[in-house]
Amino acid sequence: MRFYKYHALGNDYLVLDPSDYREWSRSAGGAPPAEQIRLICHRHYGVGSDGILWGPVPQATGTTSTAPTSGVRNGTAAPDRASGGAAHHSAPPPALRIFNPDGSEAEKSGNGLRIFARYLAEHGLVQGDRFSIHTAGGPAQVEVLERSAGRPWRMRIGMGRVTFDSPQIPVAGPSREVLGEAIAAGGRHFSFSAASVGNPHCVIPLPEISEELARQYGPVIETHPLFPQRINVQFMQVIDRANIRIEIWERGAGYTLASGTSSSAAAAVAHRLGLVDAQVTVHMPGGTLEAEVSPDWQLTLSGTVTKVAEGTIAPDLRAAPANA
Ligand SMILES: N[C@@H](CCC[C@H](N)C(=O)O)C(=O)O
């Protein structure tokens with residue numbers, strides 16, 4: 001029952017390889033039960049993390065939802081133009097399932113993809129510095145930019161194509177691009193735009209942002225009736241045409257120090273609204289990511305991954321209820 005802990009700008013994940021957890025991988029859902037995910041991710045009762053990266057899994061099960069809450073469906077991000085993906089490999093690319101600390105399953109994670117890519121590369125599970133990873137939110141193309149022993153790695157991920165179309169995000173109401181709409185939450189009115197990069201995002205531009213703002217209004221917006229599958233929320237401050245700041249409330253995880261898909265969605269929305277150019281540095285409490293939006297709305301993200309620890313989950317944790 002080994003685990004590998006990494007962080008990407010303070011957004012921390014545990015990689016659990018299904019080959020170490022045969023009982024769960026052979027179960028009906030083929031993944032850890034939701035109560036085990038909640039316990040393992042718990043900061044006091046468990047190992048502690050912003051989520052679990054479950055893989056590599058066979059590609060077919062990488063797009064199957066057994067999650068109790070988020071209702072994962074096939075993602076909307078288009079295959080990365082540059083990837084060529086599976087076509088370049090004789091074996092299908094490794095697939096990844098992503099679980100939030102509340103036990104729900106997410107379609108995609110930008111930081112999770114960089115972390116899982118490093119795990120695959122340093123365990124000899126992929127060849128070379130360019131490879132694909134499949135998620136329920138679409139394929140991603142990885143490029144290892146810098147690898148050095150005992151230091152954080154740097155990688156670039158082709159995240160796929162962003163969409164602002166309401167049915168694909170999803171956002172309730174008539175079919176439309178969700179740009180600059182009004183939302184009332186927690187007694188306040190905001191203007192928001194919504195996007196999917198494989199998972200759903202609500203971006204709220206404001207002149208000033210703070211952690212308190214994200215913690216106060218994030219949970220109300222995450223579960224707003226406009227968003228039938230809940231939503232990740234970014235409060236965004238545009239600094240200039242090449243820099244934005246975001247504070248994040250993640251669906252199923254709460255306040256986090258960084259998020260890759262949030263960075264992608266915020267950069268794409270800011271670009272779509274004409275507020276920034278195509279290359280954007282996204283500043284978050286945990287650090288910065290470099291985002292790029294291509295003319296056909298393909299997104300690329302570059303940033304670091306740091307290995308934290310590896311170890312073994314004790315049998316006590318397998319048996320204990322979440323409030324033990
Ligand atoms: N931290 C992630 C996003 C993880 C998934 C998200 N909470 C969801 O439910 O969609 C990232 O780096 O993108």
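The following legends describe close-up views of a predicted model.

View 1. The side chain of Ser193 reaches the backbone nitrogen of Gly180 at a distance of 3.1 Å. Apart from neighbours within four places in sequence, the residues in contact with Ser193 are Val178, Leu179, Gly180, His201, Cys202, Val203, Val269 and Leu273.

**View 2. The aromatic pair of Phe190 and Tyr217**. Eight aromatic pairs are present in the structure. One of them joins Phe190 and Tyr217 in an edge-to-face arrangement, with 5.2 Å from centre to centre and 75° between the planes. This pair links distant parts of the chain, since Phe190 belongs to strand β10 and Tyr217 to helix α4 (residues 211-222), 27 residues apart. Phe190 counts as buried because its relative accessibility is 4%. Tyr217, with a relative accessible area of 9%, is buried.

**View 3. The aromatic pair of Phe192 and Phe227**. Phe192 and Phe227 form an edge-to-face pair, 5.8 Å centre to centre and with 90° between the planes. The pair connects distant parts of the chain, 35 residues apart: Phe192 is in strand β10, and Phe227 is in the loop between α4 and β12 (232-240). Phe192 has 0% relative accessibility and therefore counts as buried. Phe227 is buried, its relative accessible area being 3%.

**View 4. An aromatic cluster**. Tyr4, Phe116 and Tyr119 together form one aromatic cluster.

Conventions:
Residues numbered from 1 in each chain as written. Predicted model: local features only at pLDDT ≥ 70, side-chain atom pairs only at ≥ 80, totals over all residues. Heavy atoms only, no water. Polar contact = N/O pair within 3.5 Å; in protein donor to acceptor, adjacent residues only side chain to side chain. Contact = heavy atoms within 4.5 Å. Phe/Tyr/Trp six-rings, centres within 6.5 Å; stacked < 30°, edge-to-face > 60°. Helix = DSSP H or I, 4+ residues; strand = E, 2+ residues; numbered from the N terminus. Buried < 20%, exposed > 50% of the residue type's maximum accessible area, 1.4 Å probe, protein only.
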